[in-house]
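Here are my notes for someone opening this structure for the first time. Have the model on screen while you read.

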Amino acid sequence: DRLSAKAMDDRSGCAVLVQMLRELGESPHDVYAVFTTQEEVGTRGALVSAFGIEPEVALAIDVTDTGDVPEATPIAVDLGAGPAVKVMDRGFLAHSGVKEWLIDGAERLGIAYQREVLQAGSTDARAIQLTRAGVPTGALSLPARYIHSPSEMVDVRDLQGAVKLLVALLREPITL
């Protein structure tokens with residue numbers, strides 16, 4: 001159930017979005033899946049995309065570190081324990097309504113999930129949240145080991161859980 005390759009950050013996020021689009025079908029929402037560039041050097045792609053789209057609600061899909069191997073930076077996220085709902089990171093504080101929407105959905109659907117507090121780094125969610133007058137934004141993180149190395153590792157079950165959660169939530173009205 002484990003995949004290891006270069007660039008799982010952000011290939012795994014792209015795979016989740018593509019599969020979500022394949023499975024989604026009808027939605028009461030206009031759903032945009034944006035594949036951005038330059039997240040690691042200033043979130044430029046997300047900033048431009050969010051400015052142009054003007055979303056009412058936004059989610060960023062990205063990887064996050066795990067703390068489940070010896071000498072890892074302490075974080076309460078484990079590989080294979082489900083996608084992580086980001087609470088906050090160094091540059092982003094999740095909108096409470098979006099965060100609870102993700103958590104409530106996972107609990108209601110019986111999808112394993114984790115809560116993420118990342119002490120270093122940030123994600124495209126930061127840029128989206130600060131666009132125009134502000135956008136209610138959350139982030140769904142995919143646990144990954146050895147980020148930014150030639151052998152990044154993800155668990156297929158975490159990716160599948162993220163797809164299942166996104167598809168189910170986007171088929172229903174969003175109430176924050």
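1. **Before you start.** This is a predicted model, so local features need pLDDT of at least 70 and side-chain atom pairs count only at pLDDT 80 or more, while totals for chains, interfaces and linings use all residues. Residues are numbered from 1 along each chain as its sequence is written, and side-chain values use heavy atoms, with hydrogens and water left out. Helices (H or I, at least four residues) and strands (E, at least two) are DSSP runs, numbered from the N terminus.

2. **The main core.** Start with the largest nonpolar core, which has 26 residues. A nonpolar core here is a set of buried Ala, Val, Leu, Ile, Met, Phe, Trp, Tyr and Cys residues joined through side-chain atoms within 4.5 Å. Buried means under 20% relative accessible area, exposed over 50%, and partly exposed in between (1.4 Å probe, protein chains only). Val16, Met20, Ile61, Leu140 and Leu165 have the most contacts inside this core. At least two core residues come from each of helix 1, strand 2 (58-64), helix 3 (96-109), strand 5 and helix 5 (156-170). Helix 5 gives the largest share, 8 residues. As background, nonpolar side chains tend to be buried together in soluble globular proteins.

3. **Leu165 up close.** Which residues does Leu165 contact, leaving aside neighbours within four places in sequence? They are Leu102, Gly105, Ala106, Leu109, Ile111 and Leu140. Contact means heavy atoms within 4.5 Å.

4. **A second core, and Gln129.** There is also a second, separate core of 6 residues, including Ala46, Ala127, Ile128 and Val135. Gln129 sits in helix 4 (residues 124-129). Gln129 counts as buried because its relative accessibility is 19%. Not counting residues up to four places away in sequence, Gln129 touches Phe92, Leu93, Ala94, His95, Gly134, Val135 and Thr137.

5. **Strand 6 and its partners.** Two strands pair if DSSP finds at least two bridges between them. Strand 1 (residues 2-5) pairs with strand 6 in the antiparallel sense over 4 bridges, and Ser4 stands opposite Met153 there. Strand 5 (residues 137-145) also runs antiparallel to strand 6, joined by 2 bridges; Met153 is the bridge partner of Arg145. Within strand 6 (residues 152-155), Glu152 and Val154 point one way, Met153 and Asp155 the other, and all are buried. The hairpin of strand 5 and strand 6 has 6 residues between the strands, and Tyr146 takes a positive phi near 60° in it.

6. **Val63.** Buried or exposed: where does Val63 fall? Val63, in strand 2, is buried, with a relative accessible area of 10%. Leaving aside neighbours within four places in sequence, Val63 is in contact with Met8, Asp9, Ser12, Leu142, Ala144 and Ile147. The C-alpha atoms of Val63 and Ser141 are 5.0 Å apart, although the two residues are 78 residues apart along the chain.

7. **Salt bridges.** A salt bridge is a side-chain nitrogen of Lys or Arg within 4 Å of a carboxyl oxygen of Asp or Glu. By this rule there are 8 salt bridges. One joins Arg132 and Glu54, with the closest N and O atoms 3.7 Å apart. That pair links distant parts of the chain: Arg132 is in the loop between helix 4 and strand 5, and Glu54, 78 residues apart from it, is in the loop between helix 2 and strand 2. Arg132 is partly exposed at 46%, and Glu54 is partly exposed at 49%.

8. Arg145 and Asp68 meet in a salt bridge of 3.1 Å, N to O. Arg145 lies in strand 5 and Asp68 in the loop between strand 2 and strand 3 (84-88), so the pair ties together parts 77 residues apart in sequence. Arg145 counts as buried at 13% relative accessibility, whereas Asp68 is partly exposed at 26%. Lys86 and Asp89 form another salt bridge, with closest N and O atoms 3.2 Å apart, and both residues are buried. Finally, Asp1, Arg2, Asp155 and Arg157 are linked in a network of salt bridges.
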